[in-house]
Amino acid sequence: MNLRRTLVSAALVAAVISPAAMLSAVPAFAESVSTAQTQNDTASIAALEKAQADASAAVDAARMRAVSGRANFETFKANPQPYLMWVQRAKEAAEKTAGVAAAANKEAEAAALAFGSAKPEELDKARERMQAASKAANEAIDADRKAKEAVTVAEKKLNDVLAAENAKVVEAEEAVPVAIKAYQAANKAYADAKAVEYARQEAEQRNDKPTDKPTDKPAEQPATVAQAADTTASTASTSSTKPTAKATAASSQAKSTTAATAKATTGSTTELAETGSNPATPYLALGSGLALSLGAAALYVSRRKPARSSS
């Protein structure tokens, strides 16, 4: 009989203490999760703010590249050295070869006329002159053709360089709206994150108001359930009222033990009530009430049997 009473008492103490310990651990866990979430949000907002600043700097750099590129291109276009110098030299050489070719052609024509009107004794000399003039004219014409080709090559190089420099300017100018679009996206992301953080802080401030905090009623629920169990037990008893008084005393003792345990664990009964902000609190409170009811009923039965045997 003593062993049975010892086991029942141990079960009652465990039923009283365990739910209070679990309830005291819930707000600490919620606080750690909330702190970690706040730190993550702060780091994310800081990263978005840095991205916004980088995008703004990229816009300024793109605009500077476009303006500087356009100014450099205009300066180069006015005097594109050394490509312009190569074109000028090629043209000068072509002018000289053109003059030599014209003179050689004139000499070849004159030699041909002289050969046609030469006397028989002068034919050999006239033939040699005509052949030499014709050869010189051909060489001059070939040199003039090459000089003109050199002018074309030099002009093409100049045009290619101008086109390449202009393409760089166009590319730099087209990069400006792209950078502006990226900055707008970064700015919107940062603004949205700040709005979400502001809304979260407003919600936390509303939840932290004293008027919004739950009362101490949830902490008294286990005692109410225990009293219901005692009432049921007293209804079932028909022999005497003495066991009912003992059960009522045990219920009062369990209620005081629960309040003392909750106060020692969480600091005050108000702090135990504040755990209602966690979704698991209603289930823990219900389990605590059921445990108290079972412990009170077991204590009642264990003390009622000796009373029957004595009677």
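Predicted model: local features only at pLDDT ≥ 70, side-chain atom pairs only at ≥ 80, totals over all residues.
Which residues are linked with Asp 142 in a network of salt bridges? Select Asp 142, Arg 145, Lys 146 and Glu 149: these residues are linked in such a network. A salt bridge here is a side-chain nitrogen of Lys or Arg within 4 Å of a carboxyl oxygen of Asp or Glu.

Residues are numbered from 1 along each chain as its sequence is written, and side-chain values use heavy atoms, with hydrogens and water left out.

**Stop 1: the loop at Pro 82**

Select Gln 81 and Pro 82. The peptide bond that joins them is cis, with omega about 0°. Pro 82 is found in the loop between helix H1 (2–78) and helix H2 (83–116). Helices are DSSP runs of H or I, at least four residues in length, and are numbered from the N terminus.

**Stop 2: the aromatic cluster**

Next, display the rings of Phe 76, Tyr 83 and Trp 86, which ring pairs link into a cluster. The structure holds two aromatic pairs. Rings of Phe, Tyr and Trp (its six-membered ring) pair if their centres lie within 6.5 Å; planes under 30 degrees apart count as stacked, over 60 as edge-to-face and the rest as tilted.

Phe 76 and Tyr 83 form an edge-to-face pair, at 6.5 Å centre to centre and with 80° between the planes. Tyr 83 and Trp 86 also form an edge-to-face pair, at 5.4 Å centre to centre and with 75° between the planes. Both Tyr 83 and Trp 86 lie in helix H2, three residues apart, about one turn of the helix.

Phe 76 counts as buried because its relative accessibility is 18%. Tyr 83, at 24%, counts as partly exposed, and Trp 86 counts as partly exposed at 38%.

**Stop 3**

Val 151 belongs to the largest nonpolar core, which has ten residues: Phe 76, Val 87, Ala 90, Ala 94, Ala 147, Val 151, Ala 154, Leu 158, Val 161 and Leu 162. H2 and H3 each supply at least two residues of this core, and H3 gives the most, with six residues. A nonpolar core is a set of buried Ala, Val, Leu, Ile, Met, Phe, Trp, Tyr and Cys residues joined through side-chain atoms within 4.5 Å. In soluble globular proteins, nonpolar side chains tend to be buried together.

Now centre the view on Leu 162. Leaving aside its neighbours within four places in sequence, Leu 162 is in contact (heavy atoms within 4.5 Å) with Phe 73, Phe 76, Lys 77 and Pro 80. A second, separate core has seven residues, among them Ala 101, Ala 104, Ala 111 and Ala 140.

**Stop 4: Asp 144**

Select Asp 144, which is found in helix H3 (residues 123–207). What is its surface exposure, buried or exposed? Asp 144 is buried because its relative accessible area is 10%. Apart from neighbours within four places in sequence, Asp 144 is in contact with Ala 94, Thr 97, Ala 98 and Ala 101.

Asp 144 forms a salt bridge with Lys 148, the closest N and O atoms being 3.3 Å apart. The two residues are separated by about one helical turn, because they are four residues apart in helix H3. Lys 148 is partly exposed, with a relative accessible area of 48%.

**Stop 5: further salt bridges**

How many salt bridges does a search of the whole structure find? The search finds 15.

- In helix H1, select Arg 70 and Glu 74, which are four residues apart, about one turn of the helix. Their closest N and O atoms are 3.8 Å apart. Glu 74 is partly exposed at 41%, and Arg 70 is partly exposed at 28%.
- In helix H3, select Arg 200 and Glu 204, also four residues apart, about one turn of the helix. Their side chains meet in a salt bridge of 2.5 Å, N to O. Glu 204 is partly exposed, with a relative accessible area of 32%.

Methods. Buried < 20%, exposed > 50% of the residue type's maximum accessible area, 1.4 Å probe, protein only.
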